[in-house]
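User: Can you walk me through this one? I'll ask as we go.

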Amino acid sequence: MSFQKVCTLGDIPSDEGIEVSVEIGGKPTRLALLRDDRDGSVHAISAMCTHGDVSLAEGEVSDGKVECWGHGATFDLYTGKESLPATSPVKVFDIQLDGEDVLVNVEAKA
């Protein structure tokens, strides 16, 4: 596993997400860091909705899912599984906390 520090816990508001850029395979990749509204846990997923060019970091989190504000597709923060109108899941990345630092495994889960 290859973890990179992307932010601190204080950078991620409890009611919205942030977008960060990490290098994966030598190219910049955008990730959305979001908190599950049920328990405050932090999750990292691919930032872009698979249905359209919309950042999921700006979506509303509810019941462990983020809703794309562009067309209403939802994505599970734990599995990446999608709902219509999206037809492809987003990649999910493991998170590790080191004190206040948020580290992301830049290798997506299989």
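User: Start with proline 85. Where is its place?
Analyst: Proline 85 sits in the loop between strand E7 (74-76) and E8. Keep in mind that this is a predicted model.

User: What is the peptide bond from leucine 84 to proline 85, cis or trans?
Analyst: That bond is cis, with omega near 15°.

User: Which residue other than glycine has a positive phi?
Analyst: Aspartate 63 is one of them, with phi near 55°. Aspartate 63 belongs to the loop between strand E5 (60-62) and strand E6 (65-67).

User: On to sheets. What is the order in the open sheet of 4 strands?
Analyst: The order is E2-E3-E4-E8, and the pairing is antiparallel. Strand E2 (18-24) and strand E8 (92-93) are the edge strands, and each pairs on one side only.

User: What holds strands of a sheet together in general?
Analyst: Strands pair through backbone hydrogen bonds, in a parallel or antiparallel way.

User: How many bridges join E3 to E4?
Analyst: There are 5 bridges between E3 and strand E4 (residues 42-46), running antiparallel. Leucine 33 is opposite alanine 44 in E4. Alanine 32 has isoleucine 45 in E4 as its bridge partner.

User: What do E3 and E4 form?
Analyst: They make a hairpin, with 6 residues between the two strands. In the turn, glycine 40 has a positive phi of about 80°.

User: And how many bridges join E4 to E8?
Analyst: 2 bridges, again antiparallel. Isoleucine 45 is opposite valine 92 in E8.

User: Why is E4 largely enclosed by the rest of the structure?
Analyst: Because 5 of the 5 residues of E4 are buried.

User: Back to E3. What does threonine 29 touch?
Analyst: Threonine 29 lies in strand E3 (residues 27-35). Not counting residues up to four places away in sequence, threonine 29 touches Val20, Ser21, Val22 and Ile24. A polar atom of the threonine 29 side chain is also 3.4 Å from the backbone oxygen of lysine 27.

User: Now the open sheet of 3 strands. What is the order?
Analyst: E1-E10-E9, with antiparallel pairing. Strand E1 (3-8) and strand E9 (95-98) stand at the edges. Each has a single partner strand, so one side of each has no neighbour in the sheet. From one strand to the next, the twist averages 35°.

User: How many bridges pair E9 and E10?
Analyst: E9 and strand E10 (residues 101-105) pair over 4 bridges in the antiparallel sense. Aspartate 98 stands opposite aspartate 101 in E10.

User: Let's do the core. Which residues have the most contacts inside the largest nonpolar core?
Analyst: Leu34, Ile45, Leu56, Val66 and Phe75. That core has 17 residues. Another core, of 15 residues, lies apart from it, with Val6, Cys7, Leu31 and Val106 among its members.

User: Which residues is phenylalanine 75 in contact with?
Analyst: Leaving aside neighbours within four places in sequence, its contacts include Cys49, Leu56, Val66, Ala86 and Val90.

User: Isoleucine 12 next. Buried or exposed?
Analyst: Buried, at 3% relative accessibility. The cut-off for buried is under 20%. Isoleucine 12 lies in the loop between E1 and E2.

User: Which residues is isoleucine 12 in contact with?
Analyst: Cys7, Ile18, Leu33, Arg35, Val42 and Val102, leaving aside neighbours within four places in sequence. The C-alpha atoms of isoleucine 12 and leucine 34 are separated by 7.1 Å. Those two residues are 22 residues apart along the chain.

User: Last topic, cysteines. How many disulfides does the structure hold?
Analyst: 0 disulfides. For cysteine 68, the nearest cysteine sulfur is that of cysteine 49, 3.7 Å away. A disulfide needs the sulfur atoms within 2.5 Å, so cysteine 68 is in no disulfide.

User: Cysteine 68 and cysteine 7: buried or exposed?
Analyst: Cysteine 68 is buried, with a relative accessible area of 1%. Cysteine 7 is buried as well, at 6%.

Key: Residues are numbered from 1 along each chain as its sequence is written. This is a predicted model: local features need pLDDT of at least 70, side-chain atom pairs count only at pLDDT 80 or more; totals for chains, interfaces and linings use all residues. Side-chain values use heavy atoms; hydrogens and water are left out. Two strands pair if DSSP finds at least two bridges between them. Axes are lines fitted to C-alpha atoms, for helices over the stretch in contact, and angles run from 0 to 180 degrees between N-to-C directions. A polar contact is a pair of N or O atoms within 3.5 Å; within protein, one must be able to donate a hydrogen and the other to accept it, and residues adjacent in sequence count only if both atoms are side-chain atoms. Contact means heavy atoms within 4.5 Å. Buried means under 20% relative accessible area, exposed over 50%, partly exposed in between (1.4 Å probe, protein chains only). A nonpolar core is a set of buried Ala, Val, Leu, Ile, Met, Phe, Trp, Tyr and Cys residues joined through side-chain atoms within 4.5 Å.
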